[in-house]
Each structure stands twice: as C-alpha cells, then as structure tokens.
Amino acid sequence: MKNNEFIQKDLKFNWHPCTQMKDHEFLPLIPIKKAKGVYLEDFEGKKYIDAISSWWVNIFGHSNEYINEKVKQQLEILEHVIFAGFTHEGAVKLSERLCKLTKLDKVFYADNGSSAVEIALKMAFHYYLNKGEKRELFFSLKNSYHGETIGALSVGDVELYKKTYAPLLIKSIHLPIPENQTDEEAKKALKEVRLYFEKYHKQVSSLIIEPLVQCAGNMKMHSPLFVKGLRELCDEFDVKLILDEIAVGFGRTGTMFAHFQAEIKPDFLCLSKGLTGGYMPLSCVLTTDEIYREFYCDYTKLKAFLHSHSYTANPLAISAANATIDLFEQSDVIGENRKKAKYIWDNIQKFKSLKNVKEIRQTGMITAIEMIDYPFEKRAGLEVYKYGLKNGVLLRPLGNVIYFMPPYVITYKEIDKMINTAYEGIKCLEDK
Ligand SMILES: Cc1ncc(COP(=O)(O)O)c(C=O)c1O
C-alpha cells in the first residue's frame, strides 16, 4: 500500500490524540511502516529522524535488537496474568531493581503516565485519611503538566489542555516557579512558595512537580536548588512530595533520575515512558515503607488501597523494562549522553544569532530553542514542523518552542542533521 491510500483509510476510522483532525485536510498524516534506531520509515521508503523519541518514550532506538529479543522470550513464557493475588518473575525482578536504583521501598504498577499520577495523588490523600486527617487540596506548580485524565489534568496548569474541562476538575493550587535556571530565581520562587505552605499546608496532602524540566510546559527549566528547597518545605510543613519523572526519568536529564541532582528522596516517584525503553505501556509509582504502613492492617478496617488496572504489571511490558535496565547496566549510557548533550549545546549556539530566537536552554538530553512570541494564530511552530518533515526530521514544537529530545542512540552525524534542519526551519520564518 502507498502512503496516500493508507492515509485515507486511517482518516476514515481513526481519531488521533491531541489533534484538530481538520488540520489533516492540509497537513499530511505520516503513515509509518517500520522503524530502526532513530529512523521512522513511511510506506514509500522516506525516513525521518525521530528527534522527539515518539513523545519522549524511546531511549535505545526503535526495534532495538536486545529489547526485541527479551520481549520475544517473554512471549513464549507468559503474556499476562492478573496481578492481584498473583505475581510473576519479571515484576519481582523489576521492582527490586527500581527500589535499589531509587532507594524507595515499594512499587505499585499501572499502564500509563496519567494513571501513575492518579495513583500517587490518591495514595497521598488516602495516607492522611488513614491517619485521621482529611486533606482535600493538592499543590502543584504553575505551568506544570501531568497528563490528561481528570486528576492529572487538575494538578496540571497548561491552559490549552485544561480550560475546557475546568468545571470537572478537583481542587489544586499552582505555586510560583522560577523564571529561569539560575539559583537566584530558584531562591526567589521558594520565598513565594513558602507563603502558600504557611497558609494551606494543613489542607494539602501533597505537592506534585516535574523535577528540573516542565516538558509539556514549553520545556521550561529550573535549578536543582528549587527541587531541594521544595523538599525542605514539604518536610517542614508535613506535606508529601510526589515527583513526576514520567518524562525526565531514565537518564534524560544527565542523571538516572532528575531528582538525583537535587540530592533528595521523594515520598512518591511516578515513572513511565522510558521505563520500557519506549516499547510498551507501563508505569509505576514508587513509595516508602512509611506510606505503605498506613495502609497495612486488617481488611475489615477498610484502609487498603483498592485501586487497580486490568493490565497492571503486564509481563511483556515488564520484560521490556528489565531489558531497558540491562542496557543501562551494560554500558555508560549516561556518560555518553553527557557528551552528546555538550555537543548539541555547542552546536546550537548559532541559533542565538537568528532574529526570531529568544532563548536557548538545555538540561541533559533535552534542548529547547524558544522563538519570539509569535501570536498563537500564526502557528509558527507548525511551520517548523512542516519544514522538518519535508527534510526528514520529526520535530514537534510546543507552541513557539522547538526542542530536541532524541533517542540516546542518536549518532553525532544524525545530531548534525537534526540541528541543521531545525536551524533552517526557524530561519525560514525569520522575516515572516
Ligand atoms: C511529566 C508527564 N507526566 C505525565 C504524563 C502523562 O503520561 P501518559 O501520556 O502516559 O498518560 C506525561 C506525558 O507526556 C508527562 O510528560
């Protein structure tokens, strides 16, 4: 089948995520037949560098031979089993590894990022309830994003996704954030945040944040000092800290987990996306024994966490996750990432000379180029997206922000192509 035939068939039956479907009257849908490494390939053999890791999930490349092999092996043994009252080898192995990596004590599985966020929010609320306190509010950060289900959307603060559903949402208070990545800005924001803690802490069960980078929030970045300061406030005011590392976990920011740079430990840690190397839907919430103990008692006291998903701890997804962690153990992935990040940073300095670029910023393997404030209706980012596609690079700007978040296996040559394509795409807009 050729691209066009496939597109027509798709549009007849599919409704795609985060898309105004009418856009496809002028913007072609890209049908992908296969993928290898950083390349996606359509039905006519055209290749695209996946510079956004297929929505930030892929880390060791598409169709990675090692992960493929491990998933195939698992397929021969056990495809799925209920995870209530039953368990399986892969889940035990993965949980032990995740606890060792994070120094947390217990793992609760789900199957996508938003569900992990829902779980952490519910657990934090329920923890205090089990202790005899009803705390109905949540703290989160301005400009944050935690997913699209009602609870996750409630603690998020990206108006574009949230505004329509405002009447349906639960109560949360969005705290001030630093303007940039400097420690000075972090300290300034922390002073303001303290006032909210003083006022509301008795009603708040938890603060949820994306440490270091607010990805869907236009890749806004802050210093580790801010994360450390928030941990200290949570301790001082007895509020639990949820870290959403769904996008920034697994080496993305230059350490295995972003919060390692702040040298803190969360009360809850949400993981997904890179957890399976971008292969399959899986997520989890790690927490502490202190939290776990508040739920542990006789059944008739009705304090158990009665939350579940049918595909909890799916063995196929877990085999991809164990294979992903193997790959981290087999070579110095994070060290290599740091070198690549530096190379990207050195090579994007030239963007600063473009008249329509406002700022460049980077945290590990996340690099953002913010264009000037083009009005929303101009859809300037879309022009860069189209330019990228034409030239074989999948860039998916967030408004006026173009970013790179490629699979870690990207080569230096592929990095050059990714950067140069974005540069030319932005340059085309310079005088428009
Ligand atoms: C920080 C963060 N949290 C939560 C989510 C939601 O994950 P999912 O799309 O798997 O529901 C995302 C997705 O982009 C995310 O970036």
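Q: Which residues count as being in contact with A116, leaving aside its neighbours within four places in sequence?
A: They are A110, I246, C270, L271, S272, S283, C284 and V285, and each counts as a contact because the C-beta atoms of the two residues, placed from the backbone, lie within 7 Å. The structure is a predicted model, in which local features need pLDDT of at least 70 and side-chain atom pairs count only at pLDDT 80 or more, whereas totals for chains, interfaces and linings use all residues. Residues are numbered from 1 along each chain as its sequence is written.

Q: What makes the set of residues around A116, A120, C270 and V285 a nonpolar core?
A: A nonpolar core is a set of buried Ala, Val, Leu, Ile, Met, Phe, Trp, Tyr and Cys residues joined through C-beta atoms within 7 Å. The largest one here has 114 residues, and A116, A120, C270 and V285 are those with the most contacts inside it. Helix α5 (residues 113-130) gives the most to this core, with nine residues; helices (H or I, at least four residues) and strands (E, at least two) are DSSP runs, numbered from the N terminus. Domain 1 (31-63 + 332-429) and domain 2 (65-330) both give residues to the core, so it lies between them. The domain bounds come from an automatic or database domain assignment.

Q: Why is I59 called buried?
A: A residue is buried if 20 or more other C-beta atoms lie within 10 Å of its own, exposed if 12 or fewer, and partly exposed in between. I59 has 29 C-beta neighbours inside 10 Å and therefore counts as buried, although its place is in the loop between α2 and α3. Not counting residues up to four places away in sequence, I59 touches S53, F250, G251, G274, G277, G278, P407 and Y408.

Q: Why does K273 count as buried, and what is its phi?
A: K273 has 27 C-beta neighbours inside 10 Å, so it counts as buried; it is found in the loop between β11 (268-271) and β12 (283-287). Its phi is near 40 degrees, a positive value in a residue other than glycine.

Q: Why are S63 and K355 called exposed?
A: S63 has 12 other C-beta atoms within 10 Å and is therefore exposed, and K355, with 11 other C-beta atoms within 10 Å, is exposed as well. S63 sits in the loop between α2 and α3 and has a positive phi of about 50 degrees although it is not a glycine. K355 belongs to the loop between α12 and β13, and its C-alpha lies 8.5 Å from that of K427, 72 residues apart in sequence.

Q: How do you know the handedness of the crossing of α3 and α11?
A: A crossing is left-handed if the near helix is turned anticlockwise from the far one by less than a right angle, and right-handed if clockwise; that of α3 and α11 is right-handed. The axes of α3 (residues 65-77) and α11 (residues 315-330) come within 9 Å and cross at roughly 145 degrees, where axes are lines fitted to C-alpha atoms, for helices over the stretch in contact, and angles run from 0 to 180 degrees between N-to-C directions.

Q: How many residues of domain 1 are in contact with domain 2?
A: 24 residues of domain 1 are in contact with 25 residues of domain 2, and α12 gives the most to the domain 1 side, with five residues.
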